[in-house]
Amino acid sequence: MVKVVNNFMHKNDFNHLRQEVLKANFFYNSSVSEDYSKDGYYFAHMIYQNNEKTSTLFKLIEPILDKIDAKQIHRAKVNLFPGGEKLKEYGQHQDTMFKCKVFLLSLNTCDGFTRIGKDKKVPSVANTGIFFPSTVYHNSTNCTNANIRLNININYF
């Protein structure tokens with residue numbers, strides 16, 4: 001169900017991708033999940049949505065799409081969670097209400113993590129990829145030992 005791959009990309013390609021992501025414009029989202037009692041905010045940069053490339057970053061994720069064998073993309077975005085004084089675990093959610101696949105790529109190492117289901121906790125380690133079904137409940141966190149927690153989220157078939 002959950003697959004974790006360390007050193008997912010070649011180091012030079014990964015570093016270039018991260019540098020370009022950090023130059024991108026992000027927009028504010030007032031909630032992270034459907035559980036507003038545990039919710040916070042985050043920033044996102046859309047790469048692909050509504051059957052359309054929405055960012056020049058799309059070129060840089062094409063090798064990722066090839067490597068994960070994506071036949072069709074539903075959505076691709078970068079998530080930016082601001083750091084804080086306390087680690088905040090946001091509410092659980094599903095990325096989609098229909099079956100597809102999720103690929104998360106951590107772009108920095110920090111004390112944040114992704115929880116998949118109730119028990120699987122995957123730390124945020126730069127260049128680590130996580131695969132799981134989109135209908136599985138999961139959640140994110142912020143971080144306390146870095147300015148931001150940054151990852152790419154791709155929903156695909």
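Start with strands S3 (42-49) and S5 (73-82). They run antiparallel, and 5 bridges join them. Keep in mind that this is a predicted model. Now pick out His45: its bridge partner in S5 is Val78.

Select Leu80 and find Leu150 of S11 opposite. Then colour S5 by burial. Of its 10 residues, 9 are buried, so the strand is mostly covered.

Next, select helix H1, residues 11-21. Which of its residues are buried? Phe14, Leu17 and Val21 are. They sit on the same side of H1 because their arc around the axis spans only 65°. In an α-helix, residues three or four places apart point the same way, as there are 3.6 residues a turn. Turn to the other side of H1: Lys11, Asn12 and Gln19 are exposed there.

Now go to the largest nonpolar core, which has 26 residues. Select Ile61, Ile64, Leu105 and Ile154, the residues with the most contacts inside this core. H1, S3, H2, S5, S6 and S11 each supply at least two of the core's residues.

Centre on Ile154. Leaving aside residues up to four places away in sequence, Ile154 touches several residues, among them Ile61, Ile64, Leu65, Ile73 and Phe103. Arg75 and Lys101 are also on the list of its contacts.

Last stop: a second, separate core of 7 residues. Select Leu104, Ile130, Phe132 and Val136, which are included in this core.

Notes: Residues numbered from 1 in each chain as written. Predicted model: local features only at pLDDT ≥ 70, side-chain atom pairs only at ≥ 80, totals over all residues. Heavy atoms only, no water. Buried < 20%, exposed > 50% of the residue type's maximum accessible area, 1.4 Å probe, protein only. Helix = DSSP H or I, 4+ residues; strand = E, 2+ residues; numbered from the N terminus. Arc of directions from axis to C-beta. Contact = heavy atoms within 4.5 Å. Core = buried A, V, L, I, M, F, W, Y, C linked by side-chain atoms within 4.5 Å. Pairing = 2+ DSSP bridges.
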